[in-house]
Amino acid sequence: MPPVHDVAVVGAGPAGLAGAVEAAASGLTVALIDTAAQPGGQYWRHYDETHARPADRAGHHGWRTFTALRERLDALRAAGRIRYLPGHQVWLVTRNAGGEFDLRLTATTATASGAARSIVARALILCPGGHDRQLPVPGWELPGVLTAGGVQALLTGHRTPAGRRAVVAGTGPFLLSVATGLAEAGVTVAAVAEANGVGGWLRDPLGALSAPGKGVEAARYAALLARHRIPYRTRTVVREILGRDRVEAVRLARVDRDGRATGPDEEVAVDLVALGWGFTPALELPLMLGAAIARDVDGSLVVVADDLQRSSVDGLYVAGEATGVGGAALAVAEGRLAALALAADRGRPADPARTRRLRGRVRRGRRFAAAMHRACPVPPGWSDRLPDTTVVCRCEEVSYGDLRRAYDDLGATDARTLKMLARPGMGWCQGRVCGYATAAIAARWGGRATTVDDLRPLATRSLAVPVPLEEIAALAGEPAGATEEEGRDGE
């Protein structure tokens, strides 16, 4: 039987990296599992470290924090305190008869293939991150339309701009990072289209002021927008994306607070459209274990965690975007706090003063996140302007009209029934792209706000990620944890 780790940490982004290092420094044996081939997650995504250059820090915030955590990870691995499994993702989590967590893994890179198939741990710190939240718009299936995060990933991870002339649209501060990153890479950014007005930050001034460093970031972005002469248009959305074989132009429209058009369209020639409406936490693993969830300020599903990052499931701690989207600094604080709480729960000595400081950072980070979400909401009437031909579910090619017919003619008045009768969320992405939009459309037609019950059916998945059938077949008649290969670090 393979060894039982004190804790398995899933995800090596800001929260997971901080949590793994803190847990190991507290004397716990740690397995750190991450999809990518190198640490950093989406936020600190960077070029292949075997060919790294000083320019890798360009466009990154908190790079010193990352490099310090990476150095500690390397030292703790060398000391045998952390078992690091890059190029793996967890597709199933169960609990065995002894209450330990059994994690089934699948390789995501050729170099990781066969390195490990399972991990057993007494506790879990889940830091699964999230992905770009998308809203359908006519033409968004054309080549040249990317998520804002996808555009950023190409820039920071591969040093590749995705086009030559772009519009960046949606809502939230992340649009500024993407637009200025493109401009610094030589792309002409025709406009940043922000759906909300800047006055939204006044809805929660105390929350907005709880993270002073964010004000410095905002001033830096304003200076970069001015330097590159990038128009920043508030209360503006991409109404339609035009093109035959790929993106050729967009139609921009002014909207009111509810997202309804208030003026004529303006056509802008582009070959790249970066769309971002915030982020959706990845909750497959917490939901698989039965963790309690709630609807956050931004309308996303999040795991309910106490002030020490404990979930409703004994032995399960959650940190980062899964407890609410709030940025890397907050995620690092949550990861550290989760590790210290776990160590204390396991009888390890803890520094009460340090725990209090981390709890304070998390509270302030959460206050700022709430202010940000209130300032940059998804306009409630965004779906009212969609023609019936608009594709909502790209995997299954389900249109807005298909959803409307299922709602009107077949009585599919909730997201779960819409999924069964019209098939949104049934394709390869399993609702990761269209789930939020489908739930919001059903709620809008019902004249109500989106609820947990609307979102849960399109967030719950039997398997966390697609896996080869042979890995599912291997579960039959096989003791949990018995498939681990020798050479456990893939070295």
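Student: What should I know before starting?

Tutor: The model is predicted, so to speak from the ground rules: local features need pLDDT of at least 70, side-chain atom pairs count only at pLDDT 80 or more, and totals for chains, interfaces and linings use all residues. Residues are numbered from 1 along each chain as its sequence is written, and side-chain values use heavy atoms, with hydrogens and water left out.

Student: Which strands pair with S2, and in what sense?

Tutor: Strands (E, at least two residues) and helices (H or I, at least four) are DSSP runs numbered from the N terminus, and two strands pair if DSSP finds at least two bridges between them. Here S1 (residues 4-10) runs parallel to S2 over 4 bridges, and S3 (residues 82-85) also pairs with S2 in the parallel sense, over 4 bridges. Take Val 30 in S2: Val 7 stands opposite, and in S3 the bridge partner is Ile 82.

Student: Are the faces of S2 buried or exposed?

Tutor: Buried means under 20% relative accessible area, exposed over 50%, partly exposed in between (1.4 Å probe, protein chains only). In S2 (residues 30-33), Val 30 and Leu 32 on one side and Ala 31 and Ile 33 on the other are all buried.

Student: Why does Leu 242 count as buried?

Tutor: Because its relative accessibility is 16%. Leu 242 sits in strand S12 (residues 236-242). With contact meaning heavy atoms within 4.5 Å, and leaving out residues up to four places away in sequence, Leu 242 touches residues including Leu 142, Val 247 and Glu 267.
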